[in-house]
There are 2 protein chains.
Amino acid sequence: MTRTVEVTELALRDGHQSLLATRMAMEDMVPICEDIDQAGYWSVECWGGATYDSCIRFLNEDPWERLRTFRKLLPNSRLQMLLRGQNLLGYRHYEDTVVDRFVEKSAENGMDVFRVFDALNDVRNIKRALEAVRRTGKHAEATICYTTSPLHSVDMFVDMAEQLCEAGCDSICIKDMAALLRPQPAYDLVKGIKQRCGEDTVVHVHVHSTTGVTLVSLMKAIEAGADIVDTCISSMSLGPGHNPTEALVEMLPGTGYETRLDKDRLRKIKKYFAGIRPRYAEFASNILGVETDIFDSQIPGGMISNMESQLKQQGAADRVEEVMAEVPRVREAAGFPPLVTPSSQIVGTQAVLNVLMGPFKVLTAEFADLMLGYYGETQGDRDPKLIEAASKQAKKEPITCRPADMLKPEWDQLRTNALELEGCNGTDEDVLTYAMFPKVAPKFFVDRANGPKNLGKSPESQTEPSAVSASGGGKSITGPISYKVKLGNRTHSVSVEPA
Amino acid sequence: MTRTVEVTELALRDGHQSLLATRMAMEDMVPICEDIDQAGYWSVECWGGATYDSCIRFLNEDPWERLRTFRKLLPNSRLQMLLRGQNLLGYRHYEDTVVDRFVEKSAENGMDVFRVFDALNDVRNIKRALEAVRRTGKHAEATICYTTSPLHSVDMFVDMAEQLCEAGCDSICIKDMAALLRPQPAYDLVKGIKQRCGEDTVVHVHVHSTTGVTLVSLMKAIEAGADIVDTCISSMSLGPGHNPTEALVEMLPGTGYETRLDKDRLRKIKKYFAGIRPRYAEFASNILGVETDIFDSQIPGGMISNMESQLKQQGAADRVEEVMAEVPRVREAAGFPPLVTPSSQIVGTQAVLNVLMGPFKVLTAEFADLMLGYYGETQGDRDPKLIEAASKQAKKEPITCRPADMLKPEWDQLRTNALELEGCNGTDEDVLTYAMFPKVAPKFFVDRANGPKNLGKSPESQTEPSAVSASGGGKSITGPISYKVKLGNRTHSVSVEPA
């Protein structure tokens, strides 16, 4: 008897977020939606994460319009989003009624599956959003951020799964953003959750491919009973992205497991994105091969490039390896948080400061807040001396309550502020945009009428062939190239060749 | 109890053969040999396959000198080579004493492990080389070329393994050159061989990574008892190459299996080749992502690029897909040969002709020979009508004997011919070079004294960043670039920017 494994396609959200800095324009996704809708996926992840931010910051695109378009173009599919619990899609904690409102509006505009996580794995930061989702009747998926540390163990994650089940959810996601989930822990973790929370607990496994081992981990997770796994169509896969959907399909024959995906549709989707991906070469991740050093540093790919650019700005580009060695020390001091937005940025920036200025000589405001409990409870103990230093620097006391409990109702004020902005259309959706991105929203509201920008470029108009195309690598220019050059009012033919 | 899985490192042979058209110069391998020698590999594949041909054809390098250098620089390692059975490293069958001589000379110059295969899986074509290896006291590894077809089954391959064991060998290799070996068949095949031939039969698994599923297959092969697996250091891995060595190491913790590789050495080897690989960007494979269409066409990556260039020469570059659809039909007519040198070239070229001229209107001389049995026995029946047509065209009768049985002793004649060539040094090694590459050897003998050519180029001297670097993808030029241009005797500053 063969068991069907369900699949979530990531190309429309985490795929381009991981590989192309979340820059893909809606226009470049529309033409392939019908094939995606018909391919037999359990769900299509297409919203949330960094896409909201990217839409208003870079693409002049209304994220709510994007969601409604997906809803229209994917009528047979569950739409799925990634939601940062009490942070929603922003970078601070929101008061509960704002969380409720965001979830209601997302459901109303077409969202079906809400994957809710907290960067510290603090279940208190996930609960309210889960409850809001359940009130809408949509699918509430509670998330464990997987990481490794001297503290973390399979048992600890199974405990967390149990808490999440008690909090009330429709499925449990194991989210392995840094590709640290090895095959045996994948097996043990899925098995452990099924044993502790019941065999009918739906387990959904999300892994990245950075370290090269996680397709094996998916195989083991499936053997242990995983119900749904996340993959990305091959032409939008690998590197800091995800395992190829087609490889998942093709590894299963004979194993007693199968997907219900349509290979012809997959082929079309693959071909389509093979044409789109090179258009975003300038935003492409540098890391294209396999990187197993992450097992030692636990640093996800996106975080390394962030740190690199911070170091470059300080004229210290050569100190990346010191910073990578510093990250585990900062993590330990902070109670071993998983590294995922925003904890990855907080820990990464502090590690950069430690290397440049000396260990914890200067604390960022965010790191101080993390030490003081303002992001929530960490799973490990935090360094008491650093808590003291943080308190002194930030002139705040440490807290142990749920951070959002300290917030006063804020919706009315957010609404008043938003409505004062030129171009704000007065909807709750616009208020939410302002609430999450108060600095970016004003410009976006003004510019919105100009319509979306597509930052993709045809490979011909780029000065070099794309380095990221799955099928079309670059060819070297070996001969001279001719240009017409104007000097004053005379045109000269000039040829330039490699030295 | 944890079982140790042994590893063969492929970077020095199949790695650069698969990814960089076999162009890596010895000079670029020498500096890293010490780390490779100390890393804990079971063997280091570094010779044979296409390297011999490439050495004399492109690199002006004496392949025997390369072998002796490896022997000196890898004193603690088993050196391993790939040998095409009765074809040696050439493209025709050789008379038995030439085979014996080649094996003796290879052993004498330092070779330890001889992986012997036949493109048709005709055991008669492997036997003589195996016997020659065993006479030298070196390791004789007999090879099954893995493929899929309506004919092939796990049982059929296990039968072949049994014949190979009877023929006498020190290990059995499962060679999956097209990345068609899925996880479950990998498990079943290793298990089947161990059951049929004895648990102490050493099974060595060689897979490519093209389809993205074969690291999972290695996991399953290991679970079934595989003793040795082939991988390639991460910075020389993936695409039509192999699974990353570090990913193999990192997938095992907790599974009850481990390697004995030194991770610090692996890190050095990885870094080293990350610097070397971009130097060969102009020879780099186009296929860098995962390609699962191969499961339908069974066409290995290298074969696709061959067919593409043949079609291009005929002005029919747009007919690649027709040719890919034709390949399985040609394979069927020819008794379902595995596709590996030389059968891949023979089948591929015939498929191109079929598309351009009509099915089997014209047969290549090689395809005719294949149909008539001059390459050996195929595992499936060949089309009788095509045998007849081939016989008529080639004016030869079909044969059923071992092809080499038709050859008369040829060593003396080869020696006489070689010694007449300018620059031939009179050694048996030079005679063998001439024997295998009679058209290339004369020029090589003349040019040899000029010393090896290194075709690698520093990335700066290439006009674009490499598209293949595992760690350093290209960055688009977005702003204008300034050149100093001389026109007559005046120097102008010119800036050029993308249109």
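This is a predicted model: local features need pLDDT of at least 70, side-chain atom pairs count only at pLDDT 80 or more; totals for chains, interfaces and linings use all residues.
I started with a side chain: that of A:Ser237 reaches the backbone oxygen of A:Ser234 at 2.7 Å.

Next I looked up where A:Ser237 sits, and found it in the loop of chain A that runs between β9 (228-231) and α10 (245-251). Is A:Ser237 buried or exposed? I got 4% relative accessibility, and the cut-off for buried is under 20%, so A:Ser237 counts as buried.

Skipping residues up to four places away in sequence, A:Ser237 touches A:Leu19, A:Cys232, A:His242, A:Asn243, A:Pro244 and A:Arg277.

I followed A:Pro244 from that list, and A:Pro244 also lies in the loop between β9 and α10 of chain A. Its relative accessibility came out at 2%, so I put A:Pro244 down as buried. Which residues does A:Pro244 contact, leaving aside neighbours within four places in sequence? I noted A:Thr231, A:Cys232, A:Ser234, A:Ser237 and A:Leu238, plus B:Val290 from chain B. I also checked A:Pro244 against A:Ile233: they are eleven residues apart in sequence, while their C-alpha atoms are 5.2 Å apart in space.

Last stop was helix α5 of chain A, residues 96-108. I jotted down buried residues in α5(A), among them A:Asp96, A:Val99, A:Phe102, A:Lys105 and A:Ala107. Just after α5(A), I found A:Gly110 with a positive phi of about 125°.

Methods:
Residues are numbered from 1 along each chain as its sequence is written. Chains are lettered from A and ligands numbered from 1 in the order in which they are written. Side-chain values use heavy atoms; hydrogens and water are left out. Helices (H or I, at least four residues) and strands (E, at least two) are DSSP runs, numbered from the N terminus. The expected span of a helix is 1.5 Å times one less than its number of residues. Buried means under 20% relative accessible area, exposed over 50%, partly exposed in between (1.4 Å probe, protein chains only). A polar contact is a pair of N or O atoms within 3.5 Å; within protein, one must be able to donate a hydrogen and the other to accept it, and residues adjacent in sequence count only if both atoms are side-chain atoms. Contact means heavy atoms within 4.5 Å.
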